[in-house]
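Student: I have a model open and would like to talk it through with you. Could you look at it with me?

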Amino acid sequence: MKNTINDVIKELENWANPAYQEPYDNAGLQIGNTNQELHKGLICLDVTPQVFQEAIDKKANLIISHHPLIFNPIKKISGKTAIEKIIIEAIKRDICIYAMHTNLDNIYNGVNHAFASALNLQDITILSPKEQQLKKIITFVPTHYCDSVRQALFDVGGGHIGNYNSCSYNQLGFGTFRAESNAHPFVGVIGQLHQEEETKIEMVFPAFLQETMIQTLRQAHPYEEVAFDIINLANTNPYIGAGMIGHLSECMDLDEFLTFLKQQLSLSVVKCTNYQAKKIKQVAICGGSGAFLIPTAINKHADIFISAEFKHNHFIDTQNQLILVDIGHYESEIATKKLIFEKLIEKFSNFAISEQEINPVKYF
């Protein structure tokens, strides 16, 4: 059976759902008809004119980028800008363009994990976990049907906690109800009080799945009227959020660490706090523009914070608290292409990483 572009997108969104993107972002499908057969896919950081031409040359009808082609609102599409030209040609040629941006940044096994792994960091955790990302569903099921109802909720994403799936709490009890004249009871007799042995099932789920969980529960539950509660959890989700922090296996001098950093990430130059000699053990990182995480890195007692696009005042304001290292936006996210490729190649053989993309910044 041939794969459609929808099949690819489903795989991507099971991994990094667009619901995890930041409010300002525009991740997800940018252009195209996803019902068409997948011919070939191309993976890039940015959909530049060179990358788009490469997709044409390789007969790719799907481009997956990290940065959205359409980020700011577009009021006219006249072909006057590079973005407008790409939009016009993509529509003409039936090429789909899909972006995985801050949603891929914010998942545990995303951009920042690849970044942290390249530095051999240990005990990696999310630097700034997000709140209000989890909910709990509680329902009451006739005991003989609880296995099928519970499994249906697992199948759509319920009960996943960290590295564990199929997580639930179950408590045996009994429910009471009296069916009125217009009811069609699954058990019991109209007009008579009925008592039924039931199992109380509780499980957590990502907040964005609420409607799916409710719909699935209604379909799987045998009762005409399904009793359930949805509870907003105050818990932070330790597997969703910005940046990452971990530690080196052994302390390094600053100069030693910077040499190691450049070797691991193939960097020719870095911009670093003009700091006195310091031992490096606890390392915070963030792919892309990470200045907003500086206070969090300080509060988490990081010795050094590696990201991109720090301003002059950031180096001044933090020089007595931690070391800042700016490696460049492109450099901090270059591993994203390989990350997406390795995720897709498990199921789809017709993908390639862009060979025409180059760093838009040149150092002299």
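Student: Which strands does H6 lie across, and at what angle does it run to E8?

Tutor: H6 lies across E6, E7 and E8, and it runs at about 20 degrees to E8. Helices (H or I, at least four residues) and strands (E, at least two) are DSSP runs, numbered from the N terminus, and the angles, which run from 0 to 180 degrees, are taken between N-to-C directions of axes fitted as lines to C-alpha atoms, for helices over the stretch in contact. Please keep in mind that this is a predicted model, in which local features need pLDDT of at least 70 and side-chain atom pairs count only at pLDDT 80 or more, while totals for chains, interfaces and linings use all residues. Residues are numbered from 1 along each chain as its sequence is written, and side-chain values use heavy atoms, with hydrogens and water left out.

Student: Which residues of H6 are buried?

Tutor: In H6, residues 146–155, the buried ones are Cys146, Val149, Arg150, Ala152, Leu153 and Phe154. Buried means under 20% relative accessible area, exposed over 50%, and partly exposed in between, with a 1.4 Å probe and protein chains only.

Student: And what do they pack against?

Tutor: The buried residues of H6 pack against strand E6 (134–142), strand E7 (169–178), strand E8 (193–206) and helix H7 (210–220), where contact means heavy atoms within 4.5 Å. Just after H6, Gly157 takes a positive phi of about 115 degrees.

Student: What is the strand order in the sheet with E7 and E8, and how do the strands pair?

Tutor: Four strands form an open sheet in the order E7-E8-E6-E9, with antiparallel pairing; two strands pair if DSSP finds at least two bridges between them. E7 and strand E9 (228–232) are the edge strands, each pairing on one side only, and the twist from one strand to the next averages 25 degrees. E6 and E8 run antiparallel and are joined by nine bridges, and Pro142 has Glu198 in E8 as its bridge partner.

Student: Where does H7 sit on that sheet?

Tutor: H7 lies across E6, E8 and E9, and its direction is at about 165 degrees to that of E9.

Student: Switching to the five-stranded sheet, what is its order?

Tutor: That open sheet has the order E1-E4-E3-E2-E15, with mixed pairing. Its edge strands are strand E1 (28–31) and strand E15 (351–353), each pairing on one side only. The twist averages 25 degrees from one strand to the next.

Student: In which sense do E3 and E4 pair?

Tutor: Strand E3 (residues 62–65) and strand E4 (residues 96–99) pair in the parallel sense over four bridges, and Ile63 stands opposite Ile97 in E4. Helix H2 (residues 49–57) packs on this sheet, where it touches strand E2 (41–44), E3 and E15, and its direction makes about 160 degrees with that of E2.

Student: What about Ser266: where is it, and is it buried or exposed?

Tutor: Ser266 is in the loop between helix H8 (254–265) and strand E11 (271–272), and it counts as exposed because its relative accessibility is 67%. Phi of Ser266 is also positive, near 55 degrees, in a residue other than glycine.

Student: Why does Ser332 count as buried?

Tutor: Ser332 counts as buried because its relative accessibility is 6%. Ser332 is in helix H11 (residues 329–333), and leaving aside its neighbours within four places in sequence, it is in contact with Phe115, Gly287, Gly288, Ala308 and Ile327.

Student: Zooming out, how many helices and strands does the chain have?

Tutor: The chain has 12 helices and 15 strands, and its C-alpha trace spans about 85 × 55 × 35 Å along the principal axes. Buried residues make up 47% of the 364 residues. Among contacts between residues at least 6 apart in sequence, 73% join residues at least 24 apart.
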